[in-house]
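Welcome! Take a moment to look over the sequence and the 3D view before reading on.

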Amino acid sequence: MPNGQRILKIRDLSVSFATDNGPAKVIEEVSFSMDHGQTLGLVGESGCGKSVTAMSIIRLLPSPPSRVESGQVIFDGQDLLQLDDTAMRNIRGNRIGMIFQEPMTSLNPTFSIGFQIREVLRLHRGLGQRQARDRCIELLDMVGVGSPAARIDQYPHQLSGGLRQRVMIAIAIACSPVLLIADEPTTALDVTIQAQILDLLVRLQKDLDMSILMITHDLGVVAEFCDHVVVMYAGRIVEKAPVEQIFDQPRHPYTHGLLVSVPQIGNKRTYLPTIPGMVPGIGERPQGCYFAKRCEHALDICRQSIPPLDGRGTESRLACWNPYEY
């Protein structure tokens, strides 16, 4: 697939969860797209809906309690939400790979890492026992696991956090997917191992010709790794733009607040700016813009009406009645 060709397009995706008080929307009217070869960062505070968006793409949310209220997830020309379970299983883990947040809970502690990689290869590639084992060793070597022929028979608890994450990456890329979803792939790792994992993903993206959807709350990862950025707040997209524009000229007050709250070397200020208040809970989202109560730029209209995600004919999109202007 040539670079620049549209690989993923999400249109007005809304997902709710059943609660004692009725359905509660977790993500609302989420829309963004990715081109082949692109790295897109999906950022925001914990609980803003990043992981739910990712799980909705590959249809891993349990239903019930989850329910897709509306929208489309177009992958390579197909709406994944309309596929039957068999067709979806042929795509999940095969053409779309995913790295989950915490490898210790994502890997099965009762099976060796080799068995868990082989299952993917046997399911999607039909490899025999010997062929699958050889491919497992090749994959472990590819992701930087030393002595792969010996490690292949070890169990997750025998590996360090960094090695477990490399095993998760090996499982995700086993079938050479065209799209890799990385959900907080460096969160549980120390900074040295984080850098190694990010360098590994950069190399694999080039070698395997993949697109990567990077889900993170770490703006440093976004600045170094991503081409475009989508910023989420309380289940809605508030801004999306090329990474240079987001960091140089953030227009949404929430995006601006995230960036100024990052500690910077050489900055002589005696305090660390913060965004006041708390993210509204699922059942507590107010009328109007969900960020209005925490926003110093809020106008009366912000408290009355949700701003549309408007692009004004550019590749950037913004949902704000009173944005920063440059």
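This report looks at one helix and then at some aromatic rings in a predicted model.

Let us begin with helix α8, which spans residues 191–208 and contains 18 residues. From first C-alpha to last, α8 reaches 25 Å, close to the 26 Å expected at 1.5 Å a residue.

Which residues of α8 are buried? They are Gln 194, Ile 197, Leu 198, Leu 200, Leu 201, Leu 204 and Gln 205. Because these residues cover an arc of only 160° around the axis, they sit on the same side of α8. On the face turned away from that buried side you will find the exposed residues Thr 192, Lys 206 and Asp 207.

| Residue | Place | Value |

How many aromatic pairs does the structure hold? There are four. In one of them, the ring centres of Tyr 254 and Phe 291 are 5.3 Å apart. Their planes meet at 65°, which is over 60, so this pair is edge-to-face.

Tyr 254 belongs to helix α11 (residues 253–260), while Phe 291 is in the loop between α11 and β11 (317–318), so the pair ties together parts that are 37 residues apart in sequence. Both Tyr 254 and Phe 291 are buried. Ring pairs also bring in Tyr 233, linking it with Tyr 254 and Phe 291 into a cluster.

Notes: Residues are numbered from 1 along each chain as its sequence is written. This is a predicted model: local features need pLDDT of at least 70, side-chain atom pairs count only at pLDDT 80 or more; totals for chains, interfaces and linings use all residues. Side-chain values use heavy atoms; hydrogens and water are left out. Helices (H or I, at least four residues) and strands (E, at least two) are DSSP runs, numbered from the N terminus. The expected span of a helix is 1.5 Å times one less than its number of residues. Buried means under 20% relative accessible area, exposed over 50%, partly exposed in between (1.4 Å probe, protein chains only). The arc is that of the directions from the helix axis to the C-beta atoms. Rings of Phe, Tyr and Trp (its six-membered ring) pair if their centres lie within 6.5 Å; planes under 30 degrees apart count as stacked, over 60 as edge-to-face and the rest as tilted.
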